[in-house]
Amino acid sequence: MSNKMQSILLSGVASGVLVTLLANIPIVGGCLCCLAYIGAGVMSTWHYTNSYELTIAGGTGASMGALTGVIASVASSVLGYISSKLGLTMTMEEAFRQLEESGQMPPEQIDMIMGLVESPMFYAGLLLVSIIFGAALGAAGGAIGASAFKKGGAFPNE
C-alpha cells in the first residue's frame with residue numbers, strides 16, 4: 001500500500017465515523033458534516049506530510065482530499081445503514097411517521113415518499129450524492145492542508 005493511500009484510508013474511515021455521529025445532531029448536524037468532510041481532506045494531508053516530513057503541491061493535496069472524502073462518504077453511508085438497521089438511530093419511516101402524527105404532513109404524502117425511499121435506487125442515488133459532496137469538500141480540505149502543512153522549500157519530495 002502506498003504511503004499516500006495509508007493516510008487517505010486512515011483519515012477517510014475516521015472521518016466517516018465522525019460524519020455518522022454528527023449526522024444525528026438536530027439542526028446543525030448537516031453543517032458539521034460538511035466541516036467534517038473538509039477536515040477529512042486536511043487530516044489526510046497532515047498525516048501524510050507529517051509522517052514523511054515532506055511538502056506536497058496543492059493539486060496533490062486536493063486529490064488526496066477528494067479520495068479521502070469519497071472513502072468517508074462510503075464509510076458513513078455503510079455505518080448509517082447499519083446503525084438504522086440495529087435501531088441505534090431513527091429510520092426514515094419513523095421520522096416520517098412522526099411528521100404524520102404531528103399533523104405536519106398528510107398520510108398520502110408519507111405513503112408516496114415511503115414508496116420512493118424503499119427503492120434500492122433511492123439509496124444508490126443518496127450514496128452518489130454523498131460521494132460527490134464528500135469528494136468536493138475533501139478536495140477543498142486537501143488543498144488547504146497542502147498549503148498549511150508546508151515543510152519549507154518548493155516541493156522537494158514531490
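This is a predicted model: local features need pLDDT of at least 70, side-chain atom pairs count only at pLDDT 80 or more; totals for chains, interfaces and linings use all residues.

Me: What is the phi of Ile 27?

Reply: Near 70°, which is a positive value in a residue other than glycine.

Me: And is Ile 27 buried or exposed?

Reply: Ile 27 counts as exposed because its relative accessibility is 87%. The classes are buried under 20% relative accessible area, exposed over 50%, and partly exposed in between, with a 1.4 Å probe and protein chains only.

Me: OK, zooming out. How many helices and strands?

Reply: Six helices and zero strands, so the pattern along the sequence reads α-α-α-α-α-α (DSSP runs numbered from the N terminus: helices are H or I with at least four residues, strands E with at least two). The C-alpha trace spans about 65 × 30 × 25 Å along its principal axes. Of the 158 residues, 34% count as buried.

Me: What's the volume of the largest pocket?

Reply: About 1,300 Å³. A pocket here is an open set of points on a 1 Å grid over the protein atoms alone, where a 1.4 Å probe fits, with protein on both sides within 12 Å along at least five of seven lines; lining residues have an atom within 4 Å of a point. Points are joined across faces, edges and corners, and the volume is the space filled by probe spheres set on them.

Me: Which residues are closest to its centre?

Reply: Of the 39 lining residues, those are Ala 23, Gly 80, Tyr 81, Met 92 and Leu 126.

Me: Which helix gives the most to that lining?

Reply: α3, with nine residues. The elements giving two or more are α1 (3–22), α2 (29–52), α3 (58–85), α4 (92–101), α5 (107–117) and α6 (120–148).

Me: How does the lining split by class?

Reply: There are 23 nonpolar, 13 polar and three charged residues. Ala, Val, Leu, Ile, Met, Phe, Trp, Tyr, Cys and Pro count as nonpolar, Asp, Glu, Lys and Arg as charged, and the others, Gly among them, as polar.

Me: Back to Tyr 81. Where is it?

Reply: In helix α3. Tyr 81 counts as partly exposed because its relative accessibility is 45%. Tyr 81 and Thr 20 are 61 residues apart in sequence and 9.8 Å apart in space, C-alpha to C-alpha.

Me: Last one: where does Met 112 sit, and how far is Met 112 from Thr 60?

Reply: Met 112 is in helix α5. Met 112 and Thr 60 are 52 residues apart in sequence and 45 Å apart in space, C-alpha to C-alpha. At 53% relative accessibility, Met 112 counts as exposed.

Technical notes: Residues are numbered from 1 along each chain as its sequence is written. Side-chain values use heavy atoms; hydrogens and water are left out.
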